[in-house]
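Look at the model below and follow the aromatic rings through it.

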Amino acid sequence: WAEEQFTGAKLTDIRRVARVKTIAEAMAIHPGRTIPQLCDSPYAVKATYNLFKHQEATPDNIQSGHRALVLEAMRQPGVYLLLEDTTELSWSGKHAIAGLGPIGNSAAGLQGFFVHTVLSVGWPDAPQDTNKRRPVEVLGIGDQQYYVRTPCRRPRESSQERLRRARESQIWPQASQRLGHAPQDVQWIRVADREADIYEYLVSCQALGHGFVIRAAKDRALSHPETGKRAGRLFTVARSAVPLGEFTLELRQRPQHPARTVHLCVSATAVTLSAPWRPGYGRSRNAPIQCTAVRVW
């Protein structure tokens, strides 16, 4: 497995490629172990740390061969879900560490960086029991980016906070561009939580032929698809739609929540999301987004 996935790593020295394969195999066999626990000798520990310190050892270079295999698999006929989120990696403590930036609410001592990952899975073709969660085939990482947050001199200043959020939100449409156009007769569906409710991200998905299932975070203004006039708000329209059906779903046990069976109703209605207003630019030049608002309760 390690040979297949990491032979295509873009490293100039074949010894570094061999080290990548060795550490990947060890991590696959013993996930969660520290580097000293993964390695079988002091030399291997030092070689692994030297690999990760090298300027070539970026996620793009190390994962290059793996991502190529994932992209090739995603070009085969079928339906593929691209599960996407941003994760904080924390090295918080009293002492500052060079190369890290603030995380969380940027309080003193909170330091680390952010990783934005797109995990690709294959959706099964065969119809199954709708009351159970469908098993999916994990293909691997379709894309991964990282960034370090730049501290603001006055973090309480609202304009600075807005600018920082605007910069960080660009990671989502950038992921779209890095994945590229979806092949014809193949469905790529982006799946993400509220953080992805970004107008530019939705535009990038539609421009590249990606479907999307995004949990709504903003009560967006709607417009009429033909006249362009205002047509209410997203949440009001979604809640007024009549149920299309009902079903039950078995939920597994979670902390403070026992396993249980839930009864769900579903509604769906076509909507047109208005282009948002941007400071300094006014109304966005992009066209409104036509999509479907799905409500589950």
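**Aromatic rings and their surroundings**

Ring pairs join W91, F113 and Y146 into a cluster; rings of Phe, Tyr and Trp (its six-membered ring) pair if their centres lie within 6.5 Å, and planes under 30 degrees apart count as stacked, over 60 as edge-to-face and the rest as tilted. The model is predicted, so local features need pLDDT of at least 70 and side-chain atom pairs count only at pLDDT 80 or more, while totals for chains, interfaces and linings use all residues. Residues are numbered from 1 along each chain as its sequence is written, and side-chain values use heavy atoms, without hydrogens and water. The pLDDT is the predictor's confidence in each residue, from 0 to 100, and the protein averages 89.

The count comes to 5 aromatic pairs. In one of them, the ring centres of F113 and Y146 are 6.1 Å apart with planes at 70°, so this pair is edge-to-face. F113 belongs to strand β3 and Y146 to strand β4, so the pair ties together parts 33 residues apart in sequence. Helices (H or I, at least four residues) and strands (E, at least two) are DSSP runs, numbered from the N terminus. F113 is buried, at 19% relative accessible area, whereas Y146 is partly exposed, at 48%; buried means under 20%, exposed over 50%, and partly exposed in between (1.4 Å probe, protein chains only).

W172 and Y201 also pair edge-to-face, with centres 5.4 Å apart and planes at 75°. W172 lies in helix α8 and Y201 in helix α9. W172 is buried at 2%, and Y201 is buried at 0%.
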